[in-house]
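Hello,

Here is the structure I promised to pass on to you. Please open it beside this email, so that you can look things up as you read.

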Amino acid sequence: MRISEILRLVMLNLSQNKFKVILTSVGIIVGSATIMMVLAIGTGGKLEVAEQFKNLNAGAIDISYESNATEFGSGGRDGGGGMPNMGGGFGGGGGFPSGGGMPDMGNGMPDMGGMNDDRMNQEKIVLSTEDMEDLAVFVPNIADTTISYTTTTEVEGGDLDSASSYTIAGVKSNYMSISNLELAMGEFLSDENDENKEKYCVLGYSIAKEIFGSVYEAYESVIYIDSRPYVVRGVLSEMGSVASGISPDTTIFIPYETGIKYITGEDVSPTITVIAEDVDEVDIVKENIESVLADSYANAEFTITDAGSKMEAASKSNETLQILLVAMAVIVFCVGGIGIMNVLFVSVKERTNEIGILKALGCSQKDILMEFLMEACFMSFIGAVLGVMLALGITPIVESFSVRVELSISGGLLSLAFGVITGTIFGFYPAYKASTLIPVVALNQE
Amino acid sequence: MSIIEIKHVNKGYMLGDEKVPVLKDINFSVEKGEFVAILGPSGSGKTTLMNIIGCMDLLDSGEYYLNGRAIHETTEKDMTQVRNKEIGFIFQNYQLISTYNVMQNIIMPLLMRGMGHKEAEEKCQEIVKLLSIDHRLEHRPNELSGGQKQRVSIARALASEPAILLADEPTGALDTVSGQEVLKLFGKLNEMGNTIVMITHDLKVAQAAKRIVKIVDGRLSDYDGTYN
Ligand SMILES: Nc1ncnc2c1ncn2[C@@H]1O[C@H](COP(=O)(O)OP(=O)(O)OP(=O)(O)O)[C@@H](O)[C@H]1O
Ligand SMILES: [Mg+2]
């Protein structure tokens, strides 16, 4: 038979059975759409992880102390002498542990021994600038150290109608370089700002836009944090989301000591960040950090995490997610494929009589197969195209659940191919079976 | 030379482990231009014989020559060609393709030969006029009466200009009037030079043919004037 005539028959059949075409296609539509979404969500997840870590330093090691369930000492809580702002309005003054964090005390390396006792006897362990300096001196192979904390407090000013809560981060001047942050305008906080406890701040990109409308407006304006005026010294560029720690876009950075003086008092749990010189030495550096800290705080358990293992964990869980998604896609396709096979099998069974007629009239097996193959191919192609369109259609809905969907042409083509191949195979096989029958058998099959 | 030459043909069906013979030592020949009726009661093996003559079924033993070609030695693939070129089969239950309209159904055998549909439609104009279905060409089979469907199936059989027309109970599903019309048409087609073999269980129908053979219980014999 001429190919053009076979095509004409295929078109006749398809146009006569529009409903059946749609019905058959549903499995393929769902299957293709799922493959497409799975690929898109998988790729999205991968990119998400990559982006979250883009401003994370691979050699960074975070040290924090979270629980206070250790070491209730014998009450020598006057340790490192009076904190400058001890009395400053903080409740619970009685049992309040002094952090030992006197800024001007740091030159006392020879005093180490003495200080140990002091710190060990505290009721609650609070990491301090001194601990950071200890680490900087005693742990070899480290490039830099910094200390920071976050808190939440009321902010007013700019375009804000009323006071709203924002994340405030107390940081040292080197925080910016350690966290790979970039400035859109102005300067970052300086050491002097910190030492003099000056009321300056640096705004995250989103916050600057939120409070002042633009980066330009924000620069050198004044915001009120806890009702005290802070001058905006700089505004950061948009950094995107991060996996852990501080989200720079939505944070207000102030000098470390300024925050302790005016906002938090001693009620903070700072994190010390140590940057290893060599990423390969992170493990050794971690061990050394532990032993140095153990000198100061015997028996205290610190949480020490390095960026590398965080990345590893995150990409591992992302991999798990992807395997899960692929497994889901495979299942959907098997189930969808079986559905397609059933529908096509039933419809070819129905059409076994037609195949019998074709054979009785002298249609060659080759022509019969060609016709059914083309039909299955067309149907699954329509289904696959609709499936891809469905995937495009539900993308905004999936995204509204804050799932990142990264559509790609290759994903679209793959799901298209998958749909066409599955539909064609499952549509073709029953027709092939029917075409091998001798005419009487095919005609008599009910 | 005979168009059909059947020698000692046997055919049976498996019933469980046992083979039930249906056709027993059939000898039968048809000359060019003949109009033969095979008369027999229900279950006698008429359809089984017709399917073998029409190359739709395989025989168990014996020889079958169609236009000199040894069908019993032919592969299924070549049988396809034989069916398309030599045989016009008119089924008892029409066997029209329901999704195609009348014209599309009629031209199918020609398309299978590699003809384009325009040429094929052209070629069938006379046939559809002859069978007075030329005003029903766009209709689908389910929009036709039984008589009309029978005529479409006859038109399809004629379209390929076969060596022989085979009709299985052509009047079986029709009322007397339509049945008579079909028989009249067969007479006319025979006069035009077509060779026709028709099977029926009805003596009156068989009498429309020029020659009658009888099949009883799978055995073929010449009609001796008795049938009940
Ligand atoms: N596919 C089959 N499998 C098993 N037995 C069959 C099959 N086809 C026919 N038979 C048997 O073969 C015998 C002849 O059947 P056939 O259809 O040839 O009869 P027939 O003369 O055409 O009858 P009718 O006039 O009722 O159509 C019957 O006894 C039937 O039961
Ligand atoms: Mg019969």
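Below is what I found, starting with the two chains and ending with the ligand.

One thing to keep in mind from the start: this is a predicted model.

**The two chains**

Chain A has 446 residues, and 47% of them count as buried. Its secondary structure consists of 15 helices and ten strands. If you take the contacts in chain A with a separation of 6 or more, 79% are between residues 24 or more positions apart. The chain has an accessible surface of about 20,400 Å², and carbon and sulfur atoms hold 57% of it.

Chain B has 228 residues, with 56% of them buried. Here you will find seven helices and ten strands. Among the contacts in chain B with a separation of 6 or more, residues 24 or more positions apart make up 70%. Its accessible surface is about 10,200 Å², with 47% belonging to carbon and sulfur atoms.

**A helix to check by hand**

The buried ones are Glu5(A), Ile6(A), Leu9(A), Val10(A), Asn13(A) and Leu14(A). What do they pack against? Within chain A, their partners are α2 (18-52), α12 (352-360) and α13 (365-400). They also pack against α3 (102-112) and α4 (117-130) of chain B.

**Two residues of chain B**

Gln95(B) sits in the loop between β6 (87-90) and α3 of chain B. Is Gln95(B) buried or exposed? Its relative accessible area is 9%, and buried means under 20%, so Gln95(B) is buried. Leaving aside neighbours within four places in sequence, Gln95(B) is in contact with Asn353(A), Ile357(A) and Leu443(A), as well as Arg156(B).

Asn105(B) is part of helix α3 of chain B. With a relative accessible area of 1%, Asn105(B) is buried too. Its side chain reaches the backbone nitrogen of Ile97(B) at 2.8 Å and the backbone oxygen of Tyr100(B) at 3.1 Å. Not counting residues up to four places away in sequence, Asn105(B) touches Leu96(B), Ile97(B), Tyr100(B), Pro141(B), Val152(B) and Arg156(B).

**The ligand**

Finally, turn to ligand 1. The residues around it include Tyr13(B), Val22(B), Lys46(B) and Glu169(B). By class, this shell has three nonpolar, six polar and two charged residues. Helix α1 of chain B (residues 46-53) gives the most to the shell, with three residues.

For the side chain of Thr47(B), the distance from an N or O atom to an oxygen atom of the ligand is 2.6 Å. Ser44(B) takes part through its backbone, where an N or O atom lies 3.2 Å from an oxygen atom of ligand 1. Taken alone, ligand 1 exposes 630 Å², and the protein buries 58% of that.

Enjoy exploring, and write back with any questions!

Best wishes

Definitions and conventions:
Residues are numbered from 1 along each chain as its sequence is written. Chains are lettered from A and ligands numbered from 1 in the order in which they are written. This is a predicted model: local features need pLDDT of at least 70, side-chain atom pairs count only at pLDDT 80 or more; totals for chains, interfaces and linings use all residues. Side-chain values use heavy atoms; hydrogens and water are left out. A residue is near a molecule or strand if one of its heavy atoms lies within 4 Å of it. A polar contact is a pair of N or O atoms within 3.5 Å; within protein, one must be able to donate a hydrogen and the other to accept it, and residues adjacent in sequence count only if both atoms are side-chain atoms. Accessible areas come from the Shrake-Rupley method with a 1.4 Å probe; for residues, only the protein chains shown count as cover. Helices (H or I, at least four residues) and strands (E, at least two) are DSSP runs, numbered from the N terminus. Ala, Val, Leu, Ile, Met, Phe, Trp, Tyr, Cys and Pro count as nonpolar, Asp, Glu, Lys and Arg as charged, and the others, Gly among them, as polar. Buried means under 20% relative accessible area, exposed over 50%, partly exposed in between (1.4 Å probe, protein chains only). Contact means heavy atoms within 4.5 Å.
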